[in-house]
Amino acid sequence: MLHSRILVVGGTGFIGTHVVSRLVAQGRRVIVPTRRRERARHLILLPTVDVVEVDPRDPTALESLAAGCDAAVNLVGVLHGRAGPAGDPFGPDFARAHVDVPNALISACRASKMDRLVHVSALGVTDGGKNTLPSRYLRSKAAGEEKVRQARDLDWTILRPSVVFGAEDRFLNLFAQLQRMLPVLALAKAEARFQPVWVGDVAQAVVNALDNPATVGRTCALAGPEVFTLRQLVQLAGVWSRGRSRPILALPAGLGHLTALAMEWAPGEPLMTRDNLDSMTIDNVSARPIDPELGIVPASLSAMGPTLYGATREARFDGWRAQARR
(Lines give C-alpha, C1' and ligand atoms only; values in the text may rest on other atoms or scores of the structure.)
Protein backbone atom coordinates (compact mmCIF):
# COMPACT_ATOMS: atom_id res chain seq x y z
CA MET A 1 0.00 0.00 0.00
CA LEU A 2 1.31 3.46 -0.90
CA HIS A 3 0.59 5.75 2.03
CA SER A 4 -0.32 9.18 0.72
CA ARG A 5 -1.04 11.32 3.79
CA ILE A 6 1.53 11.05 6.58
CA LEU A 7 1.52 12.53 10.09
CA VAL A 8 5.18 13.23 10.98
CA VAL A 9 5.72 14.04 14.66
CA GLY A 10 9.15 15.58 15.18
CA GLY A 11 9.27 16.64 11.55
CA THR A 12 10.95 20.01 12.21
CA GLY A 13 14.22 18.53 13.51
CA PHE A 14 17.45 17.43 11.82
CA ILE A 15 16.23 13.99 10.74
CA GLY A 16 12.62 15.10 10.37
CA THR A 17 13.45 17.78 7.81
CA HIS A 18 15.05 15.15 5.58
CA VAL A 19 12.15 12.73 6.03
CA VAL A 20 9.56 15.40 5.18
CA SER A 21 11.54 16.56 2.14
CA ARG A 22 11.70 13.04 0.74
CA LEU A 23 8.01 12.44 1.28
CA VAL A 24 7.20 15.73 -0.45
CA ALA A 25 9.47 14.80 -3.37
CA GLN A 26 7.23 11.77 -3.86
CA GLY A 27 4.12 13.96 -3.94
CA ARG A 28 2.78 12.84 -0.56
CA ARG A 29 0.83 15.10 1.78
CA VAL A 30 2.63 15.60 5.11
CA ILE A 31 1.16 16.95 8.36
CA VAL A 32 3.77 18.28 10.82
CA PRO A 33 2.69 19.24 14.36
CA THR A 34 5.01 21.56 16.28
CA ARG A 35 4.83 23.63 19.44
CA ARG A 36 6.52 26.61 17.71
CA ARG A 37 5.46 27.16 14.11
CA GLU A 38 8.16 29.79 13.52
CA ARG A 39 10.79 27.07 13.89
CA ALA A 40 9.32 25.30 10.86
CA ARG A 41 9.75 28.10 8.33
CA HIS A 42 11.94 25.78 6.23
CA LEU A 43 9.00 23.37 5.88
CA ILE A 44 6.10 25.80 5.46
CA LEU A 45 7.08 26.64 1.89
CA LEU A 46 7.13 23.01 0.76
CA PRO A 47 4.10 22.42 -1.51
CA THR A 48 2.43 19.44 0.20
CA VAL A 49 3.28 20.19 3.84
CA ASP A 50 0.85 21.46 6.50
CA VAL A 51 2.61 22.75 9.62
CA VAL A 52 0.23 22.97 12.58
CA GLU A 53 1.05 24.56 15.95
CA VAL A 54 -0.04 22.09 18.64
CA ASP A 55 1.56 20.20 21.51
CA PRO A 56 2.61 16.79 20.11
CA ARG A 57 2.10 15.28 23.58
CA ASP A 58 -1.62 16.15 23.52
CA PRO A 59 -3.59 13.05 22.41
CA THR A 60 -6.66 15.12 21.50
CA ALA A 61 -4.64 17.46 19.27
CA LEU A 62 -2.91 14.54 17.57
CA GLU A 63 -6.24 12.77 17.04
CA SER A 64 -7.58 15.74 15.09
CA LEU A 65 -4.45 15.84 12.92
CA ALA A 66 -4.44 12.08 12.38
CA ALA A 67 -7.97 12.14 10.96
CA GLY A 68 -7.64 11.47 7.26
CA CYS A 69 -4.01 10.30 7.50
CA ASP A 70 -3.06 6.75 6.61
CA ALA A 71 0.34 6.52 8.35
CA ALA A 72 2.33 8.16 11.14
CA VAL A 73 6.03 8.63 11.85
CA ASN A 74 7.49 9.48 15.26
CA LEU A 75 10.89 11.21 15.21
CA VAL A 76 10.76 13.02 18.54
CA GLY A 77 13.95 12.75 20.57
CA VAL A 78 16.06 14.82 22.96
CA LEU A 79 19.64 14.19 24.05
CA HIS A 80 19.62 16.01 27.37
CA GLY A 81 17.16 15.84 30.25
CA ARG A 82 16.91 16.67 33.93
CA ALA A 83 17.02 13.96 36.54
CA GLY A 84 13.82 13.23 38.41
CA PRO A 85 13.31 12.40 42.08
CA ALA A 86 14.83 9.26 43.57
CA GLY A 87 13.44 6.19 41.89
CA ASP A 88 12.44 8.01 38.69
CA PRO A 89 14.11 6.00 35.87
CA PHE A 90 13.83 8.71 33.18
CA GLY A 91 13.41 12.25 34.52
CA PRO A 92 10.66 14.60 33.29
CA ASP A 93 12.22 15.69 29.99
CA PHE A 94 13.04 12.23 28.65
CA ALA A 95 9.68 10.93 29.89
CA ARG A 96 7.77 13.61 27.98
CA ALA A 97 9.72 13.24 24.73
CA HIS A 98 10.37 9.49 24.59
CA VAL A 99 7.39 7.98 26.44
CA ASP A 100 4.49 10.46 26.45
CA VAL A 101 4.77 11.38 22.77
CA PRO A 102 4.68 7.82 21.39
CA ASN A 103 1.87 7.00 23.82
CA ALA A 104 -0.14 9.98 22.57
CA LEU A 105 0.57 9.08 18.95
CA ILE A 106 -0.57 5.50 19.49
CA SER A 107 -3.85 6.80 20.96
CA ALA A 108 -4.25 9.09 17.94
CA CYS A 109 -3.65 6.20 15.55
CA ARG A 110 -6.32 4.13 17.22
CA ALA A 111 -8.85 6.95 17.37
CA SER A 112 -8.42 7.72 13.66
CA LYS A 113 -8.36 4.05 12.59
CA MET A 114 -4.82 4.54 11.24
CA ASP A 115 -2.78 1.37 11.67
CA ARG A 116 0.67 2.17 10.17
CA LEU A 117 3.33 3.58 12.51
CA VAL A 118 7.09 3.99 12.04
CA HIS A 119 8.85 4.80 15.31
CA VAL A 120 12.46 6.02 15.37
CA SER A 121 14.34 5.03 18.53
CA ALA A 122 18.11 4.72 19.08
CA LEU A 123 20.86 2.16 18.65
CA GLY A 124 21.94 0.84 22.04
CA VAL A 125 18.36 0.28 23.20
CA THR A 126 17.52 -3.33 23.99
CA ASP A 127 14.13 -5.01 24.16
CA GLY A 128 12.81 -4.80 27.69
CA GLY A 129 15.65 -2.48 28.72
CA LYS A 130 13.61 0.26 30.37
CA ASN A 131 14.84 -0.78 33.84
CA THR A 132 18.30 -2.17 33.04
CA LEU A 133 20.02 0.20 30.61
CA PRO A 134 22.69 2.53 32.07
CA SER A 135 21.27 5.96 31.19
CA ARG A 136 17.97 7.80 31.53
CA TYR A 137 18.12 8.50 27.79
CA LEU A 138 18.36 4.83 26.81
CA ARG A 139 15.86 3.67 29.46
CA SER A 140 13.28 6.20 28.26
CA LYS A 141 13.86 5.20 24.64
CA ALA A 142 13.32 1.56 25.64
CA ALA A 143 10.10 2.50 27.44
CA GLY A 144 8.87 4.29 24.30
CA GLU A 145 9.63 1.20 22.23
CA GLU A 146 7.71 -0.92 24.71
CA LYS A 147 4.65 1.32 24.28
CA VAL A 148 4.86 0.72 20.52
CA ARG A 149 5.30 -3.06 20.82
CA GLN A 150 2.34 -3.31 23.14
CA ALA A 151 0.16 -1.71 20.44
CA ARG A 152 -0.47 -5.07 18.78
CA ASP A 153 -3.42 -3.66 16.85
CA LEU A 154 -1.05 -1.39 14.88
CA ASP A 155 1.34 -2.24 12.03
CA TRP A 156 4.46 -0.81 13.61
CA THR A 157 8.13 -0.70 12.65
CA ILE A 158 10.91 0.44 15.00
CA LEU A 159 14.14 1.90 13.59
CA ARG A 160 17.26 2.27 15.77
CA PRO A 161 19.83 4.65 14.24
CA SER A 162 23.37 5.09 15.50
CA VAL A 163 24.73 8.64 15.81
CA VAL A 164 23.52 10.47 12.70
CA PHE A 165 25.87 12.61 10.61
CA GLY A 166 25.10 15.19 7.94
CA ALA A 167 25.87 18.74 6.87
CA GLU A 168 23.65 20.19 9.63
CA ASP A 169 24.38 17.74 12.47
CA ARG A 170 25.25 18.87 15.99
CA PHE A 171 27.78 16.11 16.60
CA LEU A 172 30.74 16.27 14.24
CA ASN A 173 30.09 19.95 13.50
CA LEU A 174 30.46 20.66 17.22
CA PHE A 175 33.83 18.93 17.41
CA ALA A 176 34.95 20.72 14.26
CA GLN A 177 33.97 24.07 15.78
CA LEU A 178 35.67 23.34 19.10
CA GLN A 179 38.92 22.58 17.31
CA ARG A 180 38.86 26.00 15.69
CA MET A 181 38.55 27.57 19.16
CA LEU A 182 40.59 25.42 21.58
CA PRO A 183 44.27 24.40 21.52
CA VAL A 184 43.57 21.03 23.22
CA LEU A 185 40.38 18.96 23.53
CA ALA A 186 39.71 17.14 26.80
CA LEU A 187 37.59 14.13 25.93
CA ALA A 188 35.66 11.79 28.22
CA LYS A 189 34.86 8.26 27.00
CA ALA A 190 37.41 8.65 24.21
CA GLU A 191 37.29 4.94 23.35
CA ALA A 192 33.49 4.69 23.12
CA ARG A 193 32.56 3.13 19.77
CA PHE A 194 30.07 4.46 17.22
CA GLN A 195 28.89 3.43 13.76
CA PRO A 196 27.72 6.75 12.26
CA VAL A 197 24.88 6.68 9.74
CA TRP A 198 24.16 9.38 7.16
CA VAL A 199 20.96 11.37 7.72
CA GLY A 200 19.94 10.75 4.11
CA ASP A 201 20.05 7.00 4.71
CA VAL A 202 17.99 7.34 7.89
CA ALA A 203 15.38 9.43 6.09
CA GLN A 204 15.22 6.99 3.20
CA ALA A 205 14.88 4.08 5.62
CA VAL A 206 11.83 5.75 7.16
CA VAL A 207 10.28 6.36 3.73
CA ASN A 208 11.05 2.84 2.50
CA ALA A 209 9.71 1.21 5.66
CA LEU A 210 6.37 3.01 5.43
CA ASP A 211 5.13 1.05 2.42
CA ASN A 212 7.02 -2.21 2.94
CA PRO A 213 4.92 -4.88 4.70
CA ALA A 214 8.07 -6.93 5.30
CA THR A 215 9.10 -4.40 7.96
CA VAL A 216 5.87 -4.63 9.98
CA GLY A 217 6.54 -5.89 13.50
CA ARG A 218 10.31 -5.54 12.96
CA THR A 219 12.98 -3.66 14.87
CA CYS A 220 15.75 -2.61 12.49
CA ALA A 221 19.19 -1.15 13.20
CA LEU A 222 20.41 1.79 11.12
CA ALA A 223 24.19 2.15 11.06
CA GLY A 224 26.93 3.04 8.64
CA PRO A 225 29.57 0.69 7.21
CA GLU A 226 32.39 1.87 9.52
CA VAL A 227 33.05 1.77 13.26
CA PHE A 228 34.99 4.60 14.94
CA THR A 229 35.99 5.46 18.48
CA LEU A 230 34.95 8.88 19.75
CA ARG A 231 38.64 9.86 19.68
CA GLN A 232 38.85 8.94 15.98
CA LEU A 233 35.70 10.89 15.15
CA VAL A 234 37.03 14.01 16.88
CA GLN A 235 40.36 13.66 15.08
CA LEU A 236 38.62 13.30 11.72
CA ALA A 237 36.44 16.35 12.39
CA GLY A 238 39.61 18.35 13.01
CA VAL A 239 41.37 17.09 9.90
CA TRP A 240 38.38 17.78 7.68
CA SER A 241 37.59 21.23 9.09
CA ARG A 242 41.08 22.71 9.58
CA GLY A 243 43.61 20.35 7.99
CA ARG A 244 44.78 18.72 11.22
CA SER A 245 43.42 17.60 14.56
CA ARG A 246 44.09 19.36 17.84
CA PRO A 247 45.75 17.25 20.55
CA ILE A 248 43.21 15.16 22.43
CA LEU A 249 43.48 14.55 26.17
CA ALA A 250 41.53 11.44 27.18
CA LEU A 251 40.00 11.99 30.61
CA PRO A 252 39.76 9.21 33.22
CA ALA A 253 36.22 8.23 34.20
CA GLY A 254 36.03 10.25 37.42
CA LEU A 255 37.37 13.45 35.88
CA GLY A 256 35.13 12.95 32.87
CA HIS A 257 32.06 12.85 35.09
CA LEU A 258 33.20 15.96 36.98
CA THR A 259 33.68 17.78 33.69
CA ALA A 260 30.23 16.73 32.50
CA LEU A 261 28.73 17.90 35.80
CA ALA A 262 30.33 21.31 35.30
CA MET A 263 28.90 21.48 31.78
CA GLU A 264 25.43 20.68 33.11
CA TRP A 265 25.61 23.78 35.31
CA ALA A 266 26.84 26.05 32.51
CA PRO A 267 24.31 28.40 30.83
CA GLY A 268 22.51 27.11 27.74
CA GLU A 269 22.26 23.59 26.39
CA PRO A 270 25.14 21.47 27.76
CA LEU A 271 27.79 20.09 25.42
CA MET A 272 27.92 16.91 27.48
CA THR A 273 26.10 15.50 30.49
CA ARG A 274 26.75 12.66 32.91
CA ASP A 275 23.79 10.86 31.36
CA ASN A 276 25.46 11.13 27.93
CA LEU A 277 28.54 9.47 29.40
CA ASP A 278 26.39 6.73 30.89
CA SER A 279 24.91 6.09 27.44
CA MET A 280 28.41 5.71 26.01
CA THR A 281 29.21 2.78 28.29
CA ILE A 282 27.37 0.73 25.64
CA ASP A 283 29.00 0.56 22.20
CA ASN A 284 26.76 2.21 19.62
CA VAL A 285 27.37 -0.41 16.92
CA SER A 286 25.45 -3.09 15.01
CA ALA A 287 26.62 -6.35 13.45
CA ARG A 288 24.31 -5.69 10.47
CA PRO A 289 24.36 -1.98 9.50
CA ILE A 290 20.97 -1.76 7.73
CA ASP A 291 18.48 -4.59 7.25
CA PRO A 292 18.17 -5.58 3.57
CA GLU A 293 14.38 -5.12 3.67
CA LEU A 294 15.00 -1.38 3.83
CA GLY A 295 16.78 -1.41 0.46
CA ILE A 296 19.69 0.88 1.38
CA VAL A 297 23.45 0.56 0.95
CA PRO A 298 24.75 2.80 3.78
CA ALA A 299 26.97 5.73 2.90
CA SER A 300 30.50 5.97 4.27
CA LEU A 301 31.47 8.75 6.66
CA SER A 302 35.09 8.49 5.51
CA ALA A 303 34.03 9.18 1.92
CA MET A 304 31.57 11.97 2.68
CA GLY A 305 33.34 13.65 5.59
CA PRO A 306 35.85 15.84 3.72
CA THR A 307 33.03 17.48 1.77
CA LEU A 308 30.47 17.68 4.57
CA TYR A 309 32.84 19.13 7.16
CA GLY A 310 35.33 20.95 4.91
CA ALA A 311 36.59 24.44 5.59
CA THR A 312 33.75 26.29 3.87
CA ARG A 313 30.03 26.11 4.46
CA GLU A 314 29.40 26.10 0.73
CA ALA A 315 31.54 23.00 0.21
CA ARG A 316 29.66 21.13 2.94
CA PHE A 317 26.24 21.92 1.51
CA ASP A 318 27.28 21.23 -2.08
CA GLY A 319 28.38 17.75 -1.01
CA TRP A 320 25.14 17.14 0.86
CA ARG A 321 23.07 18.16 -2.18
CA ALA A 322 25.15 15.92 -4.44
CA GLN A 323 24.66 12.90 -2.19
CA ALA A 324 20.94 13.67 -2.03
CA ARG A 325 20.98 13.71 -5.84
CA ARG A 326 19.54 17.20 -6.11
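Colleague: In this predicted model, how many of the 12 residues of α1 are buried?

Modeller: Helix α1 runs over residues 14-25, and a residue counts as buried when its relative accessible area is under 20%. Among the residues of α1 that fall in this class are Ile15, Val19, Val20 and Leu23, together with Thr17, His18 and Arg22. The helix is mostly covered, and the number of buried residues is 10 of 12.

Colleague: How far does α1 reach from its first C-alpha to its last?

Modeller: With 12 residues, and at 1.5 Å a residue, a span of 16 Å is expected for α1. The helix is followed by Gly27, whose phi is positive, near 80°.

Colleague: What is the order of the strands in the open sheet of 7 strands?

Modeller: The two edge strands, each pairing on one side only, are β3 at residues 49-53 and β11 at residues 218-222. One of the pairs inside the sheet is β1 (residues 5-9) with β4 (residues 71-74), which run parallel and are joined by 4 bridges. Averaged over the sheet, neighbouring strands are turned by 20° against each other when direction is ignored. With parallel pairing, the order is β3-β2-β1-β4-β5-β6-β11.

Colleague: Which residue in β4 is the bridge partner of Ile6?

Modeller: Strand β1 covers residues 5-9, and its parallel neighbour β4 covers residues 71-74. For Ile6, the bridge partner in β4 is Ala71.

Colleague: Which strands of the sheet does helix α7 touch?

Modeller: Another helix, α5, also packs on the sheet, where α5 touches β5, β6 and β11 and makes about 160° with the direction of β6. Helix α7, at residues 199-210, has a direction that makes about 160° with that of β5. The strands touched by α7 are β1, β4, β5, β6 and β11.

Colleague: Why are α4 and α5 described as roughly parallel rather than antiparallel?

Modeller: Helix α4 (residues 92-111) and helix α5 (residues 136-150) pack with their axes 8 Å apart, at an angle of about 10°. Angles under 35 degrees count as roughly parallel and those over 145 as roughly antiparallel. The relation between α4 and α5 is therefore roughly parallel.

Colleague: How many nonpolar, polar and charged residues does the contact of α4 with α5 have?

Modeller: On the side of α4, the residues that meet α5 include Phe94, Val99, Pro102 and Ile106, as well as Asn103 and Arg110. On the side of α5, they include Tyr137, Ala143 and Val148, along with Ser140, Lys141 and Lys147. Sorted by class, the contact has 7 nonpolar, 5 polar and 4 charged residues.

Colleague: Is Lys113 buried or exposed?

Modeller: Lys113 lies in the loop between α4 and β5, and its phi is near 60°, a positive value in a residue other than glycine. Its relative accessible area is 75%, and a residue over 50% belongs to the exposed class. Lys113 is therefore exposed.

Colleague: What does Lys189 count as, at 27% relative accessibility?

Modeller: Lys189 is found in the loop between β8 and β9, and its phi, near 55°, is a positive value in a residue other than glycine. Since buried means under 20% and exposed means over 50%, a value in between has its own class. At 27%, Lys189 counts as partly exposed.

Technical notes
Residues numbered from 1 in each chain as written. Predicted model: local features only at pLDDT ≥ 70, side-chain atom pairs only at ≥ 80, totals over all residues. Heavy atoms only, no water. Axes fitted to C-alpha atoms, helices over the stretch in contact; angles between N-to-C directions. Parallel < 35°, antiparallel > 145°, perpendicular 65-115°, else oblique. Contact = heavy atoms within 4.5 Å. Nonpolar A, V, L, I, M, F, W, Y, C, P; charged D, E, K, R; others polar. Pairing = 2+ DSSP bridges. Expected span 1.5 Å × (residues − 1). Buried < 20%, exposed > 50% of the residue type's maximum accessible area, 1.4 Å probe, protein only.
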